[in-house]
Structures are given as C-alpha cells and as structure tokens.
Amino acid sequence: GALVSGSIASGFGTIATAANVEMIVSLSNDSPDSTVVNVDDTDETDGIDLLRFDIEAEGSDLVINDIPVLLTVEQPTVTDDVDFITNSLILTVNGKDYSETVTTSAGSVATVTFDDLDITVQEGEEVTFTVSADINDTQASEFIDGDTLKAELTTAIVNDIDADDAEGDS
C-alpha cells in the first residue's frame with residue numbers, strides 16, 4: 001500500500017488593492033489523517049482523498065480562479081517521480097469535480113494547478129474543497145509498498161491562489 005496524507009499552513013491572503021477584503025484558507029476539521037491505502041496490482045485505485053480545506057471570503061464575494069496544490073512523493077529507499085504514484089488529481093467543490101493531469105520528469109515534488117475554476121465564494125461564506133487522487137496500479141508503475149504521497153497547501157502555495165474580489169481586484 002501507499003501512505004497518503006494532506007496538510008495546510010493555516011493563514012489568509014489579503015486582496016492586494018482592496019480595503020478589508022480577506023481570503024481565509026484553513027484545514028477542514030474532516031480532512032483525512034495520514035492513512036495507508038491498499039493499491040490494486042492491475043487497476044487504478046480511484047478517488048483517494050488527500051486533503052480537505054476551507055476558503056472563507058470576508059469583506060467581499062471572491063471568485064477563485066486558480067488553486068495550486070503541492071504534491072510530494074517519498075520512498076523508503078529512494079525518491080521517485082510524483083507521476084509514478086498518480087497521474088490524475090481531482091478537486092471537488094460544491095459537488096463539481098475539476099481534474100488535472102499530473103506529469104513530472106524526475107520530480108519528487110510537483111505543483112499541480114487547477115486553473116480557470118471560476119468558483120464564487122460569497123462574503124461570509126466558507127466553502128470546502130477536497131483534493132483526491134487516482135492512484136496508479138503497482139504493476140504498471142514504478143512505485144512500491146511504503147511509498148508516500150502528500151498533498152499540501154504551504155504558505156507560498158496559499159499566496160499563489162488566484163482570486164478576485166467583487167471589484168475585479170486580484
């Protein structure tokens with residue numbers, strides 16, 4: 001199996017040119033804990049939740065355009081490419097799925113950006129986002145038991161979320 005986990009650096013982003021407008025990003029109370037996932041030898045293991053986070057809008061409605069997610073893979077003996085474990089990352093919000101292909105070249109760390117989302121978070125509202133992955137089968141990929149896959153929103157990643165307030169300010 002593979003160990004999967006998610007984390008987030010709690011904090012907020014302030015819309016640069018607007019007064020008293022904040023986007024507050026926090027780890028959801030029901031974000032999954034680190035867990036071992038039993039992965040099939042011949043078929044993908046779909047929809048493994050890695051991370052749940054909330055975005056709250058204060059001072060204005062916000063339109064979320066892009067959300068980057070940092071993925072990290074570690075192995076017990078060596079470090080391998082992120083796309084050895086997953087080729088597909090899914091962001092779910094308000095019952096709608098957004099999918100991004102994961103491709104890396106010799107990279108144990110990758111930033112996957114969900115772009116052109118156009119998701120509105122109304123002022124005073126908190127919206128939950130779920131990041132999940134389709135885990136590759138072990139026979140066709142190059143990962144082994146004990147590999148880890150972590151999804152996180154670091155402070156730098158949170159600062160790279162692209163959002164606009166009601167006035168169109170980024």
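Is K150 buried, exposed or partly exposed? K150 is partly exposed, with a relative accessible area of 31%; buried means under 20%, exposed over 50% and partly exposed in between (1.4 Å probe, protein chains only). Welcome to this predicted model, where local features need pLDDT of at least 70, side-chain atom pairs count only at pLDDT 80 or more, and totals for chains, interfaces and linings use all residues. Residues are numbered from 1 along each chain as its sequence is written, and side-chain values use heavy atoms, leaving out hydrogens and water.

**Salt bridges**
- The whole structure holds two salt bridges, each a side-chain nitrogen of Lys or Arg within 4 Å of a carboxyl oxygen of Asp or Glu.
- In one of them, K150 meets E152, with the closest N and O atoms 3.7 Å apart; E152 is buried at 14% relative accessible area.
- R52 and D49 also join in a salt bridge, at 2.6 Å from N to O.
- R52 counts as buried at 18% relative accessibility, while D49 is partly exposed at 28%.

**Aromatic pair**
- There is one aromatic pair, where ring centres of Phe, Tyr or Trp (its six-membered ring) must lie within 6.5 Å, and planes under 30 degrees apart count as stacked, over 60 as edge-to-face and the rest as tilted.
- The ring centres of F53 and F129 are 5.2 Å apart and their planes lie at 5°, so this pair is stacked.
- F53 sits in strand β5 and F129 in strand β11 (residues 126-135), so the pair ties together parts 76 residues apart in sequence; strands are DSSP runs (E, at least two residues) numbered from the N terminus.
- Both F53 and F129 are buried.

Conventions: Helix = DSSP H or I, 4+ residues; strand = E, 2+ residues; numbered from the N terminus.
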